[in-house]
Amino acid sequence: MTFYSSPDLKKWIKKSEFGKKLGAHGGICECPDLFLHQHNGENHWVLLVNINPGEPRRFSHTIFYRRF
């Protein structure tokens, strides 16, 4: 997954990537969920992505990324 931002919805700037060198890459990424999580009084963004049919065990699973 790649994240972009845009000040005008016409010109897009690449901001970051998720999963390129982390987690499993087999199957299809689906059902992303991005939510704000509070931990020890600090806010953290968490992204969940489901992979179907994923690696390494050949069944669906979820990977996550949290940004500090």
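Predicted model: local features only at pLDDT ≥ 70, side-chain atom pairs only at ≥ 80, totals over all residues.
Read along the sequence, the protein chain follows the pattern β-β-β-β-β, and its secondary structure accordingly comes to 0 helices and 5 strands.

**The chain as a whole**
- Of the 68 residues in the protein chain, buried residues make up 16%.
- The accessible surface of the protein chain comes to about 5800 Å², and carbon and sulfur atoms account for 55% of that area.

**Strands S3 and S4**
- Strand S3, which covers residues 28-39, and strand S4, which covers residues 42-52, run antiparallel and are joined by 10 bridges.
- One of the residues that can be followed across this pairing is Gln38, whose bridge partner in S4 is Asn43.
- The two strands S3 and S4 form a hairpin with 2 residues between them, and in the turn Asn40 has a positive phi of about 50 degrees.

- Tyr4, Leu9 and Trp12 together make a nonpolar surface patch of about 400 Å².
- Trp12, one of the residues of this patch, is found in the loop that lies between strand S1 (2-5) and strand S2 (13-17).

How values were computed
Residues numbered from 1 in each chain as written. Heavy atoms only, no water. Patch = residues over 30% accessible without salt bridge, like charges linked within 9 Å, V, L, I, M, F, W, Y side chains within 5 Å. Areas by Shrake-Rupley, 256 points an atom, 1.4 Å probe, with all protein chains shown as cover. Salt bridge = Lys/Arg side-chain N within 4 Å of Asp/Glu carboxyl O. Helix = DSSP H or I, 4+ residues; strand = E, 2+ residues; numbered from the N terminus. Buried < 20%, exposed > 50% of the residue type's maximum accessible area, 1.4 Å probe, protein only. Pairing = 2+ DSSP bridges.
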